[in-house]
Amino acid sequence: MKIIKRIVPVWLVCAAFIAVCTISEKFSDFYIDKIFPIVTYPLMYFSSLFNFSVGEWMIVIGLLWLAILFITVILHIVKKVRYAVLYYKITAWILTVICVVMCLNCFSLYHHSKIYETEDTEYNFEELVILRNYVVEKCNEFSLEVERDENGEVLYEGNMEETAKSAVKALSAENPRLSGFYTTPKTLYFSWFMSQQYLQGYYFPFSMEANINGIMKIMNKPFTMCHELSHTKGFIYEDEANFIGFLACINSEDIVFQYSGYLGVLNYINNDLYKAVGKEEYKNYPAISSQVKTDNEFLSEDTWKDVEDNSVLNTE
């Protein structure tokens, strides 16, 4: 078939591209530094024209397309359907486009040089204790300094999305990959579904958007926005995105962002200490305040109840 002769070469080129990225870290770095911004800018600019997540609705359309494809296959088996062959051809080209986009905007990003070398990330127990206690102290302090409403919830009156963009872009002085155009973080319409998967954010390579869970507690949002924005700049690894999100937040002049930055890494560091010393000895270290624990929750009890009441399937 003609379509196979046209599609197979594209898939082979994609495979060769990823192979080169895998073999050569320098090539991957060159691609991310020089080519990736050019490839992704049109997608980022286009998706930024809309105040909703384009990627989210692309997923919805994709699911509908698959449903129609399934029905078409069944009908075609039972009885020949005129449009079936055309539908199959279009589906094949859609899969090819998906392959190309994933190679350019996702798979290739896993082979760049790291922000820091592995040996530089090793630490001993004493350093872990110092870092953990410092982060706990900062969280406890910020929990008392941020503005709150009558229910004790953190208030934020600024433009969080723009602040997040500025915070990450400010790091470009030290890392040029973080310069250039930024898409505006968007709240997902189906945030309840994200919550059931315990997801705070999502990077969508087909629209180059930084998406966040809109119903999670507010203190999760600044860190998550900065984290997802770093993905749009080619930092695909979660630990590196966390690192950039942390630096962006704590270097911001916005106190809510600073607090969110420390909260964003608190669980990782605190869990490491807990695993290292055990339950009884852990009690001897500075305690995380009850307010910090409340601010650090994923969803409030009322929101969780709404999610469970309005979802088709139980989260468990």
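This is a predicted model: local features need pLDDT of at least 70, side-chain atom pairs count only at pLDDT 80 or more; totals for chains, interfaces and linings use all residues.
**Entry 1**

Phe-46 sits in helix H2.

Next I looked up which surface patch includes Phe-46. I found a nonpolar patch made of Tyr-41, Tyr-45, Phe-46, Leu-49, Phe-50, Phe-52, Trp-57, Phe-181 and Tyr-189. Together these residues have about 920 Å² of accessible area. Which helix gives the most to the nonpolar patch? I noted helix H2, residues 25–47, with 3 residues.

**Entry 1: An aromatic cluster**

Two names from the nonpolar patch, Trp-57 and Tyr-189, turned up again when I looked at the aromatic rings. Trp-57, Tyr-189, Phe-190, Trp-192 and Phe-193 form one aromatic cluster.

**Entry 2: Aromatic pairs**

How many aromatic pairs does the structure hold? I wrote down 27. I looked up two of them. For Phe-204 and Phe-206, the ring centres are 5.3 Å apart and the planes stand at 55 degrees, so this pair is tilted. I also checked Phe-204 itself: its relative accessible area is 6%, so I noted it as buried.

My other pair was Phe-246 with Tyr-262. Their ring centres lie 5.6 Å apart and their planes are at 85 degrees, so I filed the pair as edge-to-face. A reminder to myself: a pair of aromatic rings is described by the distance of the centres and the angle of the planes.

Where do the partners Phe-246 and Tyr-262 lie? Phe-246 is in helix H9 (residues 238–250) and Tyr-262 is in helix H10 (residues 255–277), so the pair ties together parts that are 16 residues apart in sequence. I found both Phe-246 and Tyr-262 to be buried.

**Entry 3: Asp-33 and Arg-177**

On to charges. I counted 8 salt bridges. One of them joins Asp-33 to Arg-177, with the closest N and O atoms 2.6 Å apart.

Are the two partners buried or exposed? Asp-33 comes out as partly exposed, at 38% relative accessibility. Arg-177 is buried, with a relative accessible area of 15%. I also noted that Asp-29, Asp-33 and Arg-177 are linked in a network of salt bridges.

Glu-162 and Lys-165 meet through their side chains in a salt bridge, at 3.3 Å from N to O. Both are in helix H6, 3 residues apart, which means that about one helical turn separates them. Glu-162 is partly exposed at 37% relative accessibility, whereas Lys-165 is buried with a relative accessible area of 15%.

I then turned to Lys-283, which forms a salt bridge with Glu-280; here the closest N and O atoms are 3.7 Å apart. Lys-283 is exposed at 55% relative accessibility. Glu-280 is exposed too, with a relative accessible area of 55%.

**Entry 4: A positive patch**

Which residues gather in a patch of positive charge on the surface? I listed Lys-2, Lys-5, Arg-6 and Lys-89. Helix H1, residues 2–23, gives the most to this patch, with 3 residues. Lys-5 is found in helix H1. I noted Lys-5 as exposed because its relative accessible area is 67%, and the cut-off for that word is over 50%.

**Entry 5: Glu-240**

I had one more charged residue to look up. Glu-240 has its place in helix H9, the helix where I found Phe-246. Its relative accessibility is 1%, so Glu-240 counts as buried. I also checked Glu-240 against Glu-161: the two are 79 residues apart along the chain, and 20 Å separates their C-alpha atoms.

**Entry 6: Stepping back**

Last, I looked at the whole chain. I noted 13 helices and 3 strands. The C-alpha atoms fill a box of roughly 70 × 50 × 40 Å along the principal axes. What share of the 316 residues counts as buried? I wrote down 42%.

Methods. Residues are numbered from 1 along each chain as its sequence is written. Side-chain values use heavy atoms; hydrogens and water are left out. Patches are made of residues with over 30% relative accessible area and no salt bridge: like charges are joined within 9 Å, nonpolar side chains (Val, Leu, Ile, Met, Phe, Trp, Tyr) within 5 Å. Accessible areas come from the Shrake-Rupley method with a 1.4 Å probe; for residues, only the protein chains shown count as cover. A salt bridge is a side-chain nitrogen of Lys or Arg within 4 Å of a carboxyl oxygen of Asp or Glu. Lys and Arg count as positive and Asp and Glu as negative; His and the chain ends are not counted. The place of a charge is taken as NZ of Lys, CZ of Arg, CG of Asp or CD of Glu. Helices (H or I, at least four residues) and strands (E, at least two) are DSSP runs, numbered from the N terminus. Buried means under 20% relative accessible area, exposed over 50%, partly exposed in between (1.4 Å probe, protein chains only). Rings of Phe, Tyr and Trp (its six-membered ring) pair if their centres lie within 6.5 Å; planes under 30 degrees apart count as stacked, over 60 as edge-to-face and the rest as tilted.
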